[in-house]
Amino acid sequence: MFPSCADPSTLDGAAWLACYLTNGKHMAFYTSFGTVMMLLAVTAPAALLFGFGGAMAARARLWPVRVIGRTYTAMVRGVPDIIFFLFVPIALDQAFEWLRHKAKCPDWTEPIRQGNDFVVCAQAKLPLSTSPQWVHETYGFFLAVLAFAIVFGAFAANVLFGAMRAVPRAQMETAEAYGMTERQSFWRILVPQMWIYALPGLSNLWMILIKATPLLFLLGVEDIVYWARELGGAKTSIYAYPHPDWRLYYFLGLLVFYLSLTKVSEIVLGRLTVRLSHGQATLGGEALRKADA
């Protein structure tokens, strides 16, 4: 905040607005945009990792592994996302604390479940009550990322499973004819070629993930939706910067942000599709061959 902003009651016009937009809460609002971008940057590869593991499990030869993979994709895709977003962080938090409780407090005799309360010893709490605020925020963000990765990983698993099956069987037979093992043909032939078939589904999944980031607000993370509601709500004279209800303007700002992010994503994904289509037996690959001829 500028030195001239020390006494907001003496300000008006552009000076008042400049001080208002640079106060501490607005700085937290601007930082929350980085939180959303970090969520996308961490969740996307994590969900892809879950999805790849789920797709490999779904096509495994061992029956128990195959059942686990297909159950994971079917169960998560069949349950409303918001249930998982609310359930998974709570379940994981209690599971982590229960494991720490068993390790750190073996002499504890009282039941952990006491009615609606989940009670563990103080040493087992996550994070500890003495931990700084950033530890609590990081832990909440970690649980949110894990919940997002599990949910969107199930959708990614279904997309990747279909992409693996879309790779022409003749490619795999050729690899076998050249003496490649099953593992070699999987990593050298199937995986490199499946991405062009998976990209349309993964592109849609990326757009859905962008739209799902406001769910951070429901998980207790102070994201852009939280701050837009907090800052845009009507403020009376007891606040340093009183103003009427401005939530419409704040949420219009969020609309511009999400539409811009979507447009940039479309451009990047379009270029990635063109690059992956080179040499592929797809409509995009055929179009590129005809264009080069």
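Is Phe-52 buried or exposed? Phe-52 is buried, at a relative accessible area of 14%. Buried means under 20% relative accessible area, exposed over 50%, and partly exposed in between (1.4 Å probe, protein chains only).

## Basis

This is a predicted model: local features need pLDDT of at least 70, side-chain atom pairs count only at pLDDT 80 or more, and totals for chains, interfaces and linings use all residues. Residues are numbered from 1 along each chain as its sequence is written, and side-chain values use heavy atoms, with hydrogens and water left out.

## Aromatic pairs

The structure holds 15 aromatic pairs. Rings of Phe, Tyr and Trp (its six-membered ring) pair if their centres lie within 6.5 Å; planes under 30 degrees apart count as stacked, over 60 as edge-to-face and the rest as tilted.

Trp-16 and Trp-246 form an edge-to-face pair, because their planes stand at 90°, with centres 6.1 Å apart. Trp-16 sits in helix H1 (residues 13–20), and Trp-246 in the loop between helix H8 (224–232) and helix H9 (247–277), so the pair ties together parts 230 residues apart in sequence. Helices (H or I, at least four residues) are DSSP runs, numbered from the N terminus. Trp-16 is buried at 16% relative accessible area; Trp-246 is partly exposed at 23%.

Phe-52 and Trp-187 have ring centres 5.8 Å apart and planes at 40°, so this pair is tilted. Phe-52 lies in helix H2 (residues 24–58) and Trp-187 in helix H7 (residues 182–212), so the pair links parts 135 residues apart in sequence. Trp-187 is partly exposed, at 45% relative accessibility.

## Cluster

One aromatic cluster is made up of Phe-29, Tyr-30, Phe-33, Tyr-250, Phe-257 and Tyr-258.

Methods: Helix = DSSP H or I, 4+ residues; strand = E, 2+ residues; numbered from the N terminus.
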